Amino acid sequence: MTDLIAANPRVIMHLDMNSFFASVEQAANPALKGIPLAVAGNPKERRGILVTCSYEARAFGVYTTMTIGEAKRLCPNLHIVPPRHELYRQMSDSVFEVLRSYTEWVEPVSIDEAYIDTTEIGGLTHAYELAREIQMRIFQELDLPCSIGIAPNKFLAKTASDMKKPMGITILRKREVARKLWPLPVLKMHGIGKRTEEKLHSAGIHTIGELAVAEKLKIEALLGKNGMRLQQCANGVDTRPVDPERADERKSIGSSTTLPVDLTEMEDCIPIFERLAAKVATRLAVKSLAGVTISIQIRYADWQNTTRSRTIHQPVYLAEDITKIALELFRRHWNNEPIRLLGVTVGNLIERNEMVEQLTFDNFEQQEKEYQMDQLVSSLTDRFGEGVIKKGWTNK
């Protein structure tokens with residue numbers, strides 16, 4: 001970043017597209033506007049998971065990561081569509097084209113949000129007007145709503161963008177932190193999920209203000225370096241610059257190995273995947289990243305390549321989680337031919353402090369198992385009639 005930007009007070013915007021996937025579907029099909037709408041991985045099955053939902057659906061208590069069955073009970077008229085990831089990517093690219101028409105200092109965070117350093121393009125004097133212009137351009141040109149937070153740093157800008165949705169613009173100044181943020185429960189703070197909340201509660205810290213003024217050694221012992229960063233943010237301090245190059249860093253992290261001999265047995269491949277996943281997990285830890293897309297590469301002895309991937313709801317970064325998904329992909333797609341090379345990659349990366357704790361990995365896997373059981377019960381019911389399967393219990 002230039003010396004000018006580093007020397008001057010910064011004005012950073014955080015742009016957050018509102019219910020992005022659902023909004024794209026409504027823009028593509030105006031008949032979907034104004035009705036409760038959800039995007040789900042498998043709309044035909046009641047245990048499919050909602051990827052996102054419109055604000056009309058949220059008014060009924062529907063939320064992302066809820067199963068279709070749960071959502072339908074709350075909102076019987078919920079309209080569900082399958083995801084169209086290529087369309088979402090195209091619309092995301094169009095949003096970023098609008099942002100980059102104002103400044104090169106745009107840092108994509110995910111497919112539907114970004115930080116923009118507007119210090120050199122009038123942010124110091126006309127931040128609200130500039131945000132309003134950006135917001136209206138995206139709405140008029142792409143028919144997509146967004147909210148924008150304006151602040152002197154990334155943390156406060158992100159916090160501000162969450163304060164008014166949809167189509168909100170919020171300015172959050174550092175001097176307002178004690179009044180606006182400190183009374184809130186710690187779970188309301190960006191970067192704190194359920195597990196961190198539990199740890200803080202165990203130490204008697206329930207509000208953002210209590211975190212802000214807590215003894216530093218206590219926070220470090222409780223949460224390590226991340227705790228120190230969270231405490232700084234609770235005081236409105238965040239020195240991270242807007243870095244356009246982080247978009248490239250966040251695409252993927254992977255590791256592969258050419259094998260000394262061609263492998264033909266599953267048990268020989270398992271430790272290879274474990275080592276590769278451990279390497280990827282270490283590199284993710286160094287950059288404090290997590291990802292939602294896990295890919296494997298298989299190169300056979302005849303030099304033919306196969307790449308397969310799976311995208312999940314909750315970002316992963318632990319070696320055991322990466323290994324588990326990689327092995328599932330391998331078992332499903334290996335054709336039993338001799339293998340020359342294996343690789344593992346984690347993609348669609350985000351910073352760990354930007355993770356939203358939705359479903360834990362274990363919970364997601366459990367729901368997958370429940371879905372499979374539900375499929376079995378449905379099949380038996382279709383074949384033998386209602387009542388063939390009954391719930392029971394065992395005495396231990």
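Me: Where is the place of Pro 166?

Reply: Pro 166 sits in the loop between helix H7 (154-161) and strand S8 (169-171). Helices (H or I, at least four residues) and strands (E, at least two) are DSSP runs, numbered from the N terminus. This is a predicted model, where local features need pLDDT of at least 70, side-chain atom pairs count only at pLDDT 80 or more, and totals for chains, interfaces and linings use all residues. Residues are numbered from 1 along each chain as its sequence is written, and side-chain values use heavy atoms, leaving out hydrogens and water.

Me: Which peptide bond is cis?

Reply: Most residues other than glycine have a negative phi, and most peptide bonds are trans. Here, the bond from Lys 165 to Pro 166 is cis, with omega near -10 degrees.

Me: What is the phi of Asp 143, and where does this residue lie?

Reply: Asp 143 is not a glycine, yet has a positive phi of about 65 degrees. You will find Asp 143 in the loop between helix H6 (123-142) and strand S7 (146-151).

Me: Is Asn 336 buried or exposed?

Reply: Buried means under 20% relative accessible area, exposed over 50%, and partly exposed in between (1.4 Å probe, protein chains only). Asn 336 is exposed, at 57%, whereas Asp 143 is partly exposed, at 25%. Asn 336 also has a positive phi, near 70 degrees.

Me: How many residues of helix H2 are buried?

Reply: Seven of the nine residues in H2 (20-28) are buried, including Phe 20, Phe 21 and Val 24. The buried residues of H2 pack against several elements, among them strand S1 (12-17) and helix H5 (85-100); contact means heavy atoms within 4.5 Å.
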